[in-house]
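Welcome! Let us take a friendly walk through one protein chain, from its overall make-up down to a single pair of residues.

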Amino acid sequence: MKFTQTVFIALFFALITTKSSAETSQSTTSVETDSNGFSQTFNDPRYTKLKTYLIEMKDGELIPAQLVIPEKTKIRLVVRNIGNKPAEFESNQLRQEKVLFMGAETTLVIIPLDAGSYDYFDDFAPATHGKIIVKAKG
């Protein structure tokens, strides 16, 4: 009985690791922008009312490391951990903090921001920093 449980657990973790690796290989690190210089929005049918942007966290790496959004616009951030260890999205300036286990995803609604620069980071990997650039429309 114990041997069967051990084999089952080993296969379960192998399956999770394989799935995580496949999802990780599909992510992109390039920052795509529209004609106005803003980051491309994240298209997901679950989030249609607000402009939505995706930030992925992968073992001490933030994808994208820089996000450009329009000022005075309420947005939604989808934060996804595609890495093999827990991550913590944190921004003191935005007053946001979320812990994400492997494969987890969360959403944050960000109030309209003034033009400027707002830092975010992975609190579990202190050397990892990202930036949200808020700039004027047009």
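Here is a short report on the chain shown above.

This is a predicted model, in which local features need pLDDT of at least 70 and side-chain atom pairs count only at pLDDT 80 or more, while totals for chains, interfaces and linings use all residues. Residues are numbered from 1 along each chain as its sequence is written, and side-chain values use heavy atoms, with hydrogens and water left out.

**Overall make-up**

Along the sequence, the pattern reads α-β-β-β-β-β-β-β-β-β.

| Property of the chain | Value |
|---|---|
| Buried share (under 20% relative accessible area, 1.4 Å probe, protein chains only) | 36% of 138 residues |
| Accessible surface (Shrake-Rupley method, 1.4 Å probe) | about 8,500 Å² |
| Carbon and sulfur share of the accessible surface | 56% |
| Share of contacts (heavy atoms within 4.5 Å) with a separation of 6 or more that join residues 24 or more positions apart | 61% |

**The five-stranded sheet**

In which order do the five strands of the open sheet lie? The order is β3-β9-β8-β5-β6, with mixed pairing; two strands pair if DSSP finds at least two bridges between them. At the edges are β3 (66–70) and β6 (96–100), each pairing on one side only. On average, neighbouring strands of this sheet are turned by 20° against each other, direction ignored; the axes are lines fitted to C-alpha atoms.

Now look at β8 (residues 116–122) and β9 (residues 129–135), which pair in the antiparallel sense over six bridges. Here tyrosine 118 has isoleucine 132 in β9 as its bridge partner.

How values were computed: Helices (H or I, at least four residues) and strands (E, at least two) are DSSP runs, numbered from the N terminus. Buried means under 20% relative accessible area, exposed over 50%, partly exposed in between (1.4 Å probe, protein chains only). Axes are lines fitted to C-alpha atoms, for helices over the stretch in contact, and angles run from 0 to 180 degrees between N-to-C directions.
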